[in-house]
Amino acid sequence: MGFFYLFLEFGVYMKIIDIIEKKKKGGSLTEQEIKFFIDGIMNGSIEDYQTSALLMAIYFNGMNIDETTWLTKYMVESGEILDLSEISKNIVDKHSTGGVGDKITLMFLPLMAAADIYTAKLSGRGLGHTGGTIDKLESIPNFKTDLSIEEFKEKVKTHKTAIAAQTLSLAPADGKLYALRDVTSTVDIIPLIASSVVSKKVASGADHIVLDVKYGSGAFLKTAQDAEKLSEIMVEVGKRLGRNICAVISSMNQPLGRAVGNSVEIQEVIEFLKGNIESDLKEITFTLAQTAFEKTGKFTSKEEGFKYLEDMITSGKALDKFKEIVESQGGDISIFDDYTKLPQASIKYEVKAEKDGFVKNIDALRIAKACKNLGAGREKKTDSIDYSAGIYLTQKYGEPVCNGETIAVIYTNKEDSIKDAENLVLEAFEISENEPEPISLIYKIIH
Ligand code: URA
């Protein structure tokens, strides 16, 4: 008996084909089987076609919470785990599941730093229809996002925050699995999304994790119910792995803010920090910031927290912090006073409303697709992007429009992409006769 377990423990006895077979028949995998799988993809003993078969079996038969926790745990242990404890034991990380016009991180980090809360943020690039914070930052001339772990930690210590591209040394098993999921149509499955997100966050070393989970047309998950299910699983797995974690669930049916693209979004972030605040950006940023205040013990009252955040903006402290971050990572700070220093598109094309009324909806996915066609997004990780391309929505939800009035401005260097983009923008805008009711974007917070 002891001998049998010894074999299991060291994985000698196991065969990946048996694990695939077990999951194919709807069985639950053991901790040893999951460890064997992750070890095998890391040491190359399991072939990509076997991993793909197991991913598809998981796609159809799911994983229970124990399996999801073990998968996350061994993905974390497949690489380096950042130790930030010498800087602070109260460090916050924030992660969005991806959206359209989602520039929240770039307002959240300076606000946190201005409030004397440490954040350490590793971010990704845009993929598919969603934008990526690293791409947005790289539209600032000379901004450096490929920091070494030592540089990253040093900047967090000095400036209370830093933002760098996700390094391959953290949760590398996720990198391998994600690359296969991307080409085998196994991305949109809750236990795999949960383990992918939470493994990277746990490996990034923060004590408190605030997840910004999106649902709707512009998100990976289309319904609030699925976003809630994903959030509950991520929060449970994060807790089991020792993190103080919560999830704020919000709608991504319409783009966030007015700008969608890269340099246009940087401009909108600077305007927000200068006090020209879009209400949807404020609702999401302030709710996430207040959640971080509660986690770190800064403010427990929402009113106090929101008042403090408003003061950080009106006093200019949050704007100064963003300038400090840009300067510390080599970026050109003259962009703060002169937006023409950001990449500029050669073509600016105005899309006009085709009837009178009120904006009832702006479909996020159509706007995202239009932006990608204009050059702002990429299909494959290796594609290059045009930082100046994007769309600015001059009219937003609830605002009145007149026939012939400009509703959006297209920025591009690709003349042949304009007609399709214009059609997508016109299809995205739903204009109603009556003024729609105000809406709240926040659906639920899961602790
Ligand atoms: N974001 C991630 O990091 N992983 C996923 O699987 C999906 C979104």
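Reader: Which residues lie nearest the centre of the second largest pocket?

Author: This is a predicted model, where local features need pLDDT of at least 70, side-chain atom pairs count only at pLDDT 80 or more, and totals for chains, interfaces and linings use all residues. Residues are numbered from 1 along each chain as its sequence is written, and side-chain values use heavy atoms, with hydrogens and water left out. On a 1 Å grid over the protein atoms alone, a pocket is an open set of points with protein on both sides within 12 Å along at least five of seven lines, a cavity is a set where a 1.4 Å probe fits but cannot get out, and lining residues have an atom within 4 Å of a point. The second largest pocket has 19 lining residues, and those nearest its centre are Ser279, Asp280, Lys396, Tyr397 and Ile439.

Reader: Which helix gives the most to the lining of that second largest pocket?

Author: Helices here are DSSP runs (H or I, at least four residues), and strands are E runs of at least two, numbered from the N terminus. With 3 residues in the lining, the top contributor is helix H13 (residues 279-296).

Reader: Which residues surround the ligand?

Author: A residue counts as near if one of its heavy atoms lies within 4 Å of the molecule. Helix H10 gives the most to this shell, with 4 residues. The surrounding residues are Tyr178, Arg181, Ile193, Ser196, Val197, Lys200 and Phe220.

Reader: How far is a ligand oxygen atom from an N or O atom in the side chain of Lys200?

Author: Polar contacts are pairs of N or O atoms within 3.5 Å. Arg181 has a side-chain N or O atom 2.9 Å from a ligand oxygen. Ser196 has one 2.6 Å from a ligand nitrogen. For Lys200 and a ligand oxygen, the distance is 2.5 Å.

Reader: What is the volume of the largest cavity?

Author: The whole structure holds 2 cavities of 30 Å³ or more. Volume means the space filled by probe spheres set on the grid points, which are joined across faces, edges and corners. For the largest cavity, that comes to about 180 Å³.

Reader: How many nonpolar residues are in the lining of the second largest cavity?

Author: Nonpolar covers Ala, Val, Leu, Ile, Met, Phe, Trp, Tyr, Cys and Pro; charged covers Asp, Glu, Lys and Arg; the others, Gly among them, are polar. The lining includes Leu106, Pro110 and Phe322. It has no polar and no charged residues, and its nonpolar count is 7.

Conventions: Polar contact = N/O pair within 3.5 Å; in protein donor to acceptor, adjacent residues only side chain to side chain.
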